[in-house]
Amino acid sequence: MTQRILAGRKGWPRVVLARAGAYDPDAGLAAAENAGAWSAWRKAVADLAPETVIRFVGEAGLRGRGGAGYPAADKWRTCRAQPAARRHVVANGYGADPGAATDRTLLEQDPHGVLEGLALAAFAVGATRAYVAVRADATVVVRRLAAAIREAEEAGLIGSDALGAGFDLHVELRELQGAFVLGEETVLLRALEGKRGMPDQRPPYPAVKGLWGEPTVVNNVQTLAAVPWILANGPAAHRAIGAADSPGTALVQVSGAVKMPGVLEVPMGTPLKQIVAAAGGATGELKAVLVGGPSGGFLPAERLDLPYSHAALAGAGAIVGSGTVLVVDGSACIVELATLLERFMSDESCGKCIPCRIGTRRLTEIGERFIGGRPRPNDVQLLGDLAADVRDGSLCGHGITAPNPLVSGMRYFAAEFEDHILRSTCPAGVCTPLRVAGGTA
Ligand SMILES: Cc1cc2nc3c(=O)[nH]c(=O)nc-3n(C[C@H](O)[C@H](O)[C@H](O)COP(=O)(O)O)c2cc1C
Ligand code: SF4
């Protein structure tokens with residue numbers, strides 16, 4: 001399903017989607033170049049040293065858009081510093097969260113922008129091979145990217161002796177299909193090697209030991225798409241946008257009970273309530289937003305002044321995660337929603353480590369007892385203890401963030417949880433074994 005790109009507020013700059021809509025992605029390379037594609041690449045290869053590209057990206061303050069927000073330049077510097085015969089760069093366009101079409105929308109609308117960013121990353125770290133990993137079922141993305149790679153190669157922009165500058169860059173498109181955890185970088189790398197994978201212990205990070213044991217940068221496609229803009233406009237222009245601790249913009253999928261669901265490009269640090277307003281506002285009374293995807297956190301309407309940034313969201317119990325803002329209205333039950341999300345996280349656990357494999361299952365069971373009218377006396381205490389164990393003992397981000405929906409739900413909607421646990425009542429009237437508040441059993 002193609003997503004609507006929302007206009008956003010007046011004055012919100014476009015970085016990642018700067019060229020979306022400026023050319024027809026099916027009209028060939030010339031149309032893309034007329035809209036500015038590959039100009040930063042030509043300039044970098046002609047005029048800049050790889051270290052200068054890394055310095056610009058560092059000065060721009062660009063942080064990864066794949067969820068964790070790691071500074072892109074630090075990753076690139078580490079990769080470049082490794083003594084190795086070969087290095088690699090991977091564009092992570094897998095888009096693991098089924099509720100987020102942000103990366104897919106970018107890839108559909110500006111395939112050349114992602115490829116140009118990938119080429120710049122490869123040039124910066126000294127990689128001769130680069131990969132774009134996407135979902136096999138994203139057929140428009142696959143078609144447009146395949147054409148864009150072919151056109152760029154035929155024009156000599158990439159390939160052997162790219163732009164006649166003595167630099168080789170071979171780009172491969174890889175179509176993958178798998179579970180949620182396939183988007184995690186170490187699993188993605190195993191898949192690109194043709195193996196089945198589970199998340200690896202880190203360190204060593206992929207920038208040191210990645211594909212086939214060789215230094216590899218993995219970046220989200222949005223992170224890469226920001227790089228041509230940074231080189232074209234200068235690092236200071238990027239730093240001037242967004243939050244001081246996370247400059248630039250991010251794509252946000254706004255969905256749920258909003259008037260205009262779609263993809264928005266927002267300056268980092270934008271208050272959540274402006275994001276919801278830019279999607280037309282809630283359809284009814286706004287009860288909560290779930291920020292960050294299936295392992296994101298619920299925030300109540302009173303907290304919508306919170307800026308959309310890694311630090312602010314983490315402090316409030318949510319995450320940037322997959323970049324979704326799901327608007328929840330009064331017809332939904334937070335206890336039920338949190339339990340459904342916990343079940344998704346449990347079903348999608350790869351099973352490698354016990355805290356995540358068993359812990360998310362037990363957390364789900366506690367939630368199911370709450371919504372089924374069968375709470376046990378120590379369930380609340382158990383939920384808190386288990387959530388801490390799962391978060392602290394899990395190997396990868398999947399388990400570390402998995403307890404978020406239940407924990408944030410209990411933090412901000414304690415009265416709704418108490419109604420379920422102590423009074424066998426579901427105020428929203430969703431949990432059928434329970435009474436509606438004020439009603440009969
Ligand atoms: C369970 C799980 C799923 C993930 N899925 C994705 C994904 O679909 N796309 C993505 O870019 N990053 C995903 N990540 C984050 C990647 O592991 C990695 O941090 C990211 O691709 C690095 O790019 P960045 O530094 O540009 O953010 C996922 C992480 C976890 C734990
Ligand atoms: S935290 Fe979960 S998904 Fe990650 S390695 Fe452990 S079991 Fe697998």
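**Figure 1. Helix H6 of the predicted model is mostly covered.** In this predicted model, 15 of the 15 residues of H6 are buried. The helix runs over residues 111–125. An α-helix has 3.6 residues a turn, so residues three or four places apart point the same way.

**Figure 2. Gly 126 follows helix H6.** The view shows the residue after the helix, Gly 126. Its phi is positive, near 80°.

**Figure 3. The largest cavity has a volume of about 80 Å³.** Two cavities of 30 Å³ or more are present in the structure. Rolling a probe the size of a water molecule over the atoms shows where empty space is left. The lining of the largest cavity includes Cys 350, Cys 353, Cys 356 and Cys 396. Pro 199, Ser 349, Gly 351, Lys 352, Ser 394, Leu 395, His 398 and Gly 399 also line the largest cavity. By class, six residues of this lining are nonpolar, five are polar and one is charged.

**Figure 4. The second largest cavity has a volume of about 40 Å³.** Among the residues that line the second largest cavity are Val 320, Gly 321, Ser 322 and Gly 323. Arg 65, Gln 222, Ala 250, Leu 251, Met 268 and Tyr 308 belong to the lining as well. The lining of the second largest cavity divides into five nonpolar residues, four polar and one charged.

How values were computed: Residues are numbered from 1 along each chain as its sequence is written. Chains are lettered from A and ligands numbered from 1 in the order in which they are written. This is a predicted model: local features need pLDDT of at least 70, side-chain atom pairs count only at pLDDT 80 or more; totals for chains, interfaces and linings use all residues. Side-chain values use heavy atoms; hydrogens and water are left out. Helices (H or I, at least four residues) and strands (E, at least two) are DSSP runs, numbered from the N terminus. The expected span of a helix is 1.5 Å times one less than its number of residues. Buried means under 20% relative accessible area, exposed over 50%, partly exposed in between (1.4 Å probe, protein chains only). On a 1 Å grid over the protein atoms alone, a cavity is a set of points where a 1.4 Å probe fits but cannot get out, and a pocket is an open set with protein on both sides within 12 Å along at least five of seven lines; lining residues have an atom within 4 Å of a point. Grid points are joined across faces, edges and corners, and a volume is the space filled by probe spheres set on the points. Ala, Val, Leu, Ile, Met, Phe, Trp, Tyr, Cys and Pro count as nonpolar, Asp, Glu, Lys and Arg as charged, and the others, Gly among them, as polar.
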